[in-house]
Amino acid sequence: MKIYLKVWRQKDASAKGELVDYTMESVEGDMSFLEMLDILNEDLIAKGEIPVEFDHDCREGICGTCSLQINGRPHGPDRLITACQLHMRSFKDGDTIVIEPFRAKAFPVVKDLIVDRTSFERIQQAGGFISVNTSGQPVDANAIPIEKEFADKAFNAATCIGCGACVAACKNASAMLFTSAKVSQFALLPQGKVEAVERVQNMVRQMDLEGFGNCTNTGACEIECPKGISLENIARMNREYLSASLKG
Ligand code: SF4
Ligand code: FES
């Protein structure tokens, strides 16, 4: 396939970026999207040009670092996968693909396609710890019975990989889906009850401090989330927050 790329190039956080055209000859359908970018970079290096910076680590949908906006959609056209799991067979000969970084005030561009998502880390850090003894004589995992429904929901919330697609998809750049997943994975389990009040208050406060927008229930985050994190987590976080506010 012959593929035309328009790639966002930006020297650093303060520079003005622009879309730069590249033409890729002989792209195979079995190539992953990131392998296609690897080949672009090999060509650029061979020509003495500066390669395109993009984030990646696991390349198997686990780490959440491959934050690419592909033809206006976080992680590209296919549902429930990350950009690193996308393959070129999802495109056809002669296609033009626009590749940009995730756009949000709280995700400033570092260079080219790389954004700074440490705001997410600060939200998680604000959530703090759970009071479970994990040293010496840890409690057996099966000592606290947990109904399967709640265990499953907690597990599903915990599959959030912190990629930021929910923020990039949202017209308000809201981080409610991410934050609510991180709140829910503990709120649904007895181990998470002890610090529940402080956790939700601190995480929501940090989310606001980082400059993320508010949720207006459009649901774009759920559609674009590669892990299928449900909007019901946002409803749960709102209930947790209200309950924490009433307690004190
Ligand atoms: S909720 Fe989904 S889209 Fe948002 S950070 Fe987690 S995995 Fe990514
Ligand atoms: S590189 Fe790890 S999720 Fe894409």
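A residue counts as near a molecule or strand if its C-beta atom, placed from the backbone, lies within 6 Å of it. Keep that in mind for the ligand stop.

This is a predicted model, where local features need pLDDT of at least 70, side-chain atom pairs count only at pLDDT 80 or more, and totals for chains, interfaces and linings use all residues. Residues are numbered from 1 along each chain as its sequence is written, and chains are lettered from A and ligands numbered from 1 in the order in which they are written.

**Stop 1: the ligand.** Select ligand 1. It is surrounded by 14 residues, and the closest are Cys160, Cys163, Ala165, Cys166 and Cys225. Two elements give two or more residues to this shell: α4 (165-169) and α5. Helices here are DSSP runs (H or I, at least four residues; strands are E, at least two), numbered from the N terminus. The most comes from α5, with three residues.

**Stop 2: two helices.** Now select α5 (residues 176-187) and α8 (residues 232-247). They pack at about 70°, with axes 8 Å apart. Axes are lines fitted to C-alpha atoms, for helices over the stretch in contact, and angles run from 0 to 180 degrees between N-to-C directions. So α5 is roughly perpendicular to α8 (under 35 degrees is roughly parallel, over 145 roughly antiparallel, 65 to 115 roughly perpendicular, the rest oblique).

**Stop 3: the domains.** Colour domain 1 (3-111) and domain 2 (117-247). The bounds come from an automatic or database domain assignment. Their C-alpha centres lie 29 Å apart. At the boundary, 18 residues of domain 1 are in contact with 17 of domain 2 (C-beta atoms, placed from the backbone, within 7 Å).

Notes:
Two residues are in contact if their C-beta atoms, placed from the backbone, lie within 7 Å.
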